[in-house]
Amino acid sequence: MGKELKTNAMRFLDKSKIEYTVQTYECEEFIDGIHTAEKLGQPLEETFKTLVAKGKSGSYYCFLLPVALELDLKKAAKSVDEKFVELLHVKDITAVTGYVRGGCTPIGMKKQFMTVIHSSAETMPQFYISGGRIGVQIHLSPQALVKAIRGKFEDLVLAQSEL
């Protein structure tokens, strides 16, 4: 793999000695996680999106959940001990994280934010997350990621009856 393909996320994983594989796909602009998973033949339940939110305190947080599910803002807030959280506006993603929409990942950001990964990943041997650039996915161990970024697993999604 050439140097030009290494993202901040990959450099962080290399430095942390976390094994991962990379999948790339042709994409000129943002496509949602469901279409990305389908394009790469990845199971939807193993393909996670990264959402960034701001809490009442002014702190930022990352939440990872399966691409086909919706974030429950109340559960998300509770998981980070906030009264409430609101999703970051698309126009603010790059300024806050250093990544663009569709390439946002919880690793290698400008600053490491508290990260909560949906509990369904806790028992998975591997899952897919953004590789830090549109068109790049990383396949790695959720447990290794949580340990490296000092994150945690919690239930974050809306119940099916709430969708």
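Mentor: The sulfur of Cys104 has its closest cysteine sulfur in Cys62, at 5.9 Å, which is too far for a bond. A disulfide is a pair of cysteine sulfur atoms within 2.5 Å, and a search of the whole structure finds 0 disulfides. Please note that this is a predicted model, in which local features need pLDDT of at least 70 and side-chain atom pairs count only at pLDDT 80 or more, while totals for chains, interfaces and linings use all residues. Residues are numbered from 1 along each chain as its sequence is written, and side-chain values use heavy atoms, with hydrogens and water left out.

Cys104 is buried at a relative accessible area of 9%, and Cys62 is buried at 0%. Here buried means under 20% relative accessible area, exposed over 50%, and partly exposed in between, with a 1.4 Å probe and protein chains only.

Next come the aromatic rings. The whole structure holds 3 aromatic pairs. In one of them, the ring centres of Tyr60 and Phe113 lie 5.5 Å apart with planes at 50°, so the pair is tilted. The pair links distant parts of the chain, 53 residues apart: Tyr60 belongs to strand S3 (residues 60–66), and Phe113 to the loop between helix H4 (93–97) and strand S5 (114–118). Tyr60 is partly exposed at 24%, whereas Phe113 is buried at 7%. The rings of Tyr61 and Phe63 are also tilted, with centres 6.4 Å apart and planes at 40°; Tyr61 and Phe63 are both buried. Rings of Phe, Tyr and Trp (its six-membered ring) pair if their centres lie within 6.5 Å; planes under 30 degrees apart are stacked, over 60 edge-to-face, and the rest tilted.

Strands (E, at least two residues) and helices (H or I, at least four) are DSSP runs numbered from the N terminus, and two strands pair if DSSP finds at least two bridges between them. The open sheet has 5 strands in the order S4-S2-S3-S5-S8, with mixed pairing. Strands S4 (85–87) and S8 (152–154) are at the edges with a single partner strand each, so one side of each lacks a neighbour in the sheet. The twist averages 35° from one strand to the next. S5 and S8 run parallel, joined by 3 bridges; Ile117 has Phe153 in S8 as its bridge partner. Helix H5 (residues 142–149) packs on the sheet, touching S5 and S8, and its direction makes about 120° with that of S8. Contact means heavy atoms within 4.5 Å; axes are lines fitted to C-alpha atoms, for helices over the stretch in contact, and angles run from 0 to 180 degrees between N-to-C directions.
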